[in-house]
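Subject: Handover of a structure and its findings

Dear colleague,

Please find below the structure that I am handing over to you. I would be grateful if you could read the notes that come after it.

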Amino acid sequence: MRVRQQALAAVVVAFALVAGAVVAVSADNTRGTLDSGKRTISFYNIHNKETLTSTFKVNGKYVPEEMKKINWILRDWRKDEPTTMAPALIDLLWEIHTELGSKAPIHIISGYRSRATNEMLRRTVGGQASQSRHILGKAADVHFPDVPLRMLRYSALIRQRGGVGYYPTSNIPFVHIDVDRPRAWPRLPRPELALLFPTGRTVHVPKDGGHLTPADARKARAKNTALAAQVDAFFALRNHPKSLVQTAALTPPLPKLLRLPQPARRPVEQAALPVAPAKAAGGVTLASLSPELPQSPTVHAVERTAPASSDQTVDTAADTSADLEDEVYPEELSYRPFPVARMLTATASPDDPALARLVHPDFARVLEIMDQRDPVPAVALRPGVHQAQRKLIASAGDVSVDLSLLDLDGARPPRQKLAKQP
């Protein structure tokens with residue numbers, strides 16, 4: 001009996017250990033996927049082009065040698081001065097990078113900044129806090145090349161484990177992430193923040209101040225459908241991540257192929273291309289479209305010989321140099337001259353009456369006019385009859401005006417007198 005009790009106790013202890021390990025792995029990986037107790041992260045410093053891929057955490061413990069490598073790539077690159085970066089920051093960056101499914105290294109815009117570098121930037125660039133978290137090794141400015149910047153911001157905000165700064169209009173857009181007190185800048189509009197926290201429970205404050213309520217989320221979803229779809233896409237990515245490690249059960253029976261894959265067999269077209277009839281003199285032939293309509297020129301397709309079959313011999317000497325050039329230099333077809341004038345007339349003769357009446361434009365005169373500073377010739381506009389009448393009456397005052405003086409078109413109007421109305 002005592003042996004059975006001991007065996008039962010051992011089973012209970014083993015089950016508890018397994019359950020605890022599963023819970024620990026689940027808590028260790030925010031995306032809920034198995035990472036075999038290891039965390040690997042990749043960095044790329046955009047300033048000195050250095051890269052690093054490091055397995056910095058194994059079985060819940062940080063690897064000191066790997067953490068030193070991370071401290072070095074996140075150093076103050078202007079002074080080559082490293083510091084001890086906060087391990088919680090590296091964990092947070094790994095969680096965000098893993099959750100969003102980024103396959104590219106994390107691009108580092110700014111990691112650790114010495115106090116001297118921070119003061120220099122405050123004087124020259126501006127915008128840096130005097131007690132920046134970069135000085136303490138608790139902050140990093142990052143972006144993921146293969147993930148929208150807004151998604152990176154959402155993933156950092158939703159955790160509420162530090163500060164989140166959003167800089168989409170910077171020369172290199174980035175998100176500031178630190179592991180200090182939770183805060184965000186600039187503050188999000190109320191609809192956007194309400195969609196991220198539909199229950200209203202958040203430490204973040206909307207742009208217009210106050211607190212969030214579930215009613216804010218319902219209102220935002222009803223009036224901001226595009227924004228709601230954008231936030232829903234983020235939550236869909238967060239709640240249904242792609243597994244980092246994919247496993248397959250090898251339990252029989254395995255599916256069997258009925259036959260090995262075969263290349264597709266398609267019927268080959270053996271019909272020869274139609275050969276155009278012989279060209280008439282001048283390059284075109286005339287054909288009647290209907291008995292009632294006059295004859296019109298018809299252009300034939302370029303003659304091509306039918307492709308030779310395997311049992312036929314090909315006379316390579318019969319190929320013309322033009323055909324060879326077309327194959328080697330197909331771009332020449334775009335500027336090669338082509339005599340289209342003969343196809344626009346009833347006959348193929350260059351002395352056709354329609355062509356004989358054509359006059360070449362005077363290009364020299366055109367260029368001469370274009371070179372003039374004021375190519376528009378002076379134009380003298382004469383006033384109309386009614387305008388001239390008004391001017392004469394206005395200039396004469398109360399005196400009667402003889403309108404016969406208005407000989408604008410060469411025809412004298414009948415003599416009449418008009419007096420200015422009082």
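This is a predicted model: local features need pLDDT of at least 70, side-chain atom pairs count only at pLDDT 80 or more; totals for chains, interfaces and linings use all residues.

Residues are numbered from 1 along each chain as its sequence is written, and side-chain values use heavy atoms, with hydrogens and water left out.

The sheet

Eight strands form an open sheet with mixed pairing, in the order β3-β2-β1-β4-β5-β7-β6-β8. Its edge strands are β3 (61-62) and β8, each of which pairs on one side only. Helices (H or I, at least four residues) and strands (E, at least two) are DSSP runs, numbered from the N terminus; two strands pair if DSSP finds at least two bridges between them. Strand β5 (residues 139-143) is joined to β7 by four bridges in the antiparallel sense, and A140 stands opposite I177 in β7.

The helices

Helix α5 packs on this sheet, where it touches β5, β6 (163-167), β7 and β8, and its direction makes about 165 degrees with that of β6. Here contact means heavy atoms within 4.5 Å; axes are lines fitted to C-alpha atoms, for helices over the stretch in contact, and angles run from 0 to 180 degrees between N-to-C directions. Of the 11 residues of α5 (149-159), 10 are buried, that is, under 20% relative accessible area with a 1.4 Å probe and protein chains only. Among them are R153 and R159. Just after this helix, Q160 has a positive phi of about 55 degrees.

Helix α2 (residues 64-73) lies across β1 (38-45), β2 (51-58) and β3, at about 145 degrees to β2. Its buried residues are E66, M67, I70, N71 and I73, and their cover includes β1, β2, β3 and α3 (87-99).

Of its 32 lining residues, R113, Q128, H134, D141 and F174 are the closest to its centre. A pocket is an open set of points on a 1 Å grid over the protein atoms alone, where a 1.4 Å probe fits, with protein on both sides within 12 Å along at least five of seven lines; lining residues have an atom within 4 Å of a point.

Yours sincerely

Methods. Buried means under 20% relative accessible area, exposed over 50%, partly exposed in between (1.4 Å probe, protein chains only).
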